[in-house]
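Trainee: I would like to learn how to read the features of a fold, one at a time. Please show me the chain, then take me through it.

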Amino acid sequence: MQIRKAAPEDAEKLVNLMKHVEQSEFMLFEPGERKTEPEQLSKRIEALGEDSAILLAEDANCLVGYLFAMGEGVRRKRHSVYIALGIAEGQRGKGVGTELFKALESWATVKGLHRIELTVMETNAAGLALYKKMGFEVEGTKRDSLLINGQFVNEYYMAKIIG
C-alpha cells in the first residue's frame with residue numbers, strides 16, 4: 001500500500017470511493033446524496049492551499065482510502081486542521097487508517113501544525129477505536145447532531161495535539 005497526496009487526475013477514482021464509503025452510514029452524506037462530479041473535485045484538488053491536503057491510500061492502482069485535512073486559513077485557526085477519513089469497506093481493519101494518520105502527522109509536523117480535529121458518530125465503534133489508537137481524545141459531545149433513518153445520533157468532537 002502506498003500513501004500519497006491526491007492529484008487532479010485522481011478525481012474520478014476519488015469521487016467513486018467517496019460514494020462507496022458513504023454506503024457505511026457513518027459519513028455525513030447519505031448514500032446517493034453527494035453530487036460532486038470528478039471535474040469539480042479535480043479543480044478543488046488543484047486549488048488546495050498550503051494549509052490543506054488530501055491524502056490517498058492506494059493498493060495495486062486502486063484507491064482504498066482517503067483523508068481530507070482542511071485548514072481554515074484564518075490566523076486564529078492556522079495551527080489546526082479538520083479531517084474527514086474514508087476507507088473502502090473491504091479494506092477496513094487492515095491498517096489503511098493507521099497509515100493515513102501516520103502520513104497526516106508527518107505532513108502536519110512539517111507544516112508546523114499543533115492540532116488535528118474531527119467529529120465522529122458515537123455509534124461508530126470502529127472509527128472511535130482507530131481515532132483513540134492514534135491518540136485522539138473526546139473533547140465534547142454534539143447531542144442530536146445528525147438525523148439518520150429517523151433517529152437522532154450524537155457526534156463526538158475529538159482532537160489530537162501534536163508538536
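Trainee: Which residue is the bridge partner of Leu146 in β7?

Mentor: Two strands pair if DSSP finds at least two bridges between them. Helices (H or I, at least four residues) and strands (E, at least two) are DSSP runs, numbered from the N terminus. In this predicted model, Val153 of β7 is the bridge partner of Leu146. β6 and β7 (residues 151-161) run antiparallel and are joined by eight bridges. As for conventions, residues are numbered from 1 along each chain as its sequence is written. Local features need pLDDT of at least 70, side-chain atom pairs count only at pLDDT 80 or more, and totals for chains, interfaces and linings use all residues, while side-chain values use heavy atoms, with hydrogens and water left out.

Trainee: In what order do the strands lie in the sheet?

Mentor: The open sheet has seven strands in the order β1-β2-β3-β4-β5-β7-β6, with mixed pairing. Its edge strands, β1 (2-5) and β6 (137-148), each pair on one side only. From one strand to the next the twist averages 25°; axes are lines fitted to C-alpha atoms, for helices over the stretch in contact, and angles run from 0 to 180 degrees between N-to-C directions.

Trainee: Which helix packs on the sheet, and which strands does it touch?

Mentor: Contact means heavy atoms within 4.5 Å. Helix α3 (residues 96-110) packs on the sheet and touches β1, β2, β3 (62-70), β4 (80-87), β5 (115-121) and β7. The direction of α3 makes about 40° with that of β3.

Trainee: How many residues of β3 are buried?

Mentor: Buried means under 20% relative accessible area, exposed over 50%, partly exposed in between (1.4 Å probe, protein chains only). Seven of the nine residues of β3 are buried, and the strand is mostly covered. β3 pairs antiparallel with β2 over seven bridges, and Ile54 stands opposite Phe68 of β3. Two residues separate β2 and β3 in a hairpin, and Ala60 in that turn has a positive phi of about 50°. With β4, β3 pairs antiparallel over six bridges; there Leu67 stands opposite Leu85. In a regular strand, side chains alternate between the two faces of the sheet.

Trainee: Which residues of helix α2 are buried?

Mentor: In α2 (residues 38-46) the buried residues are Leu41, Ser42 and Ile45. They line one face of the helix, because their directions seen down the axis fall within an arc of 105°; the arc is that of the directions from the helix axis to the C-beta atoms. Glu39, Lys43 and Glu46, on the other side of α2, are exposed. The cover over the buried residues includes α1 (11-21) and β2 (53-59).

Trainee: Where is Glu22, and why does it count as buried?

Mentor: Glu22 sits in the loop between α1 and α2. It counts as buried because its relative accessibility is 2%. Leaving aside residues up to four places away in sequence, Glu22 touches Met27, Phe29, Glu30, Pro31 and Arg34.

Trainee: Where is Ala7, and why does it count as buried?

Mentor: Ala7 is in the loop between β1 and α1. With 18% relative accessibility, Ala7 counts as buried. Ala7 and Leu56 lie 49 residues apart in sequence and 9.5 Å apart in space, C-alpha to C-alpha.
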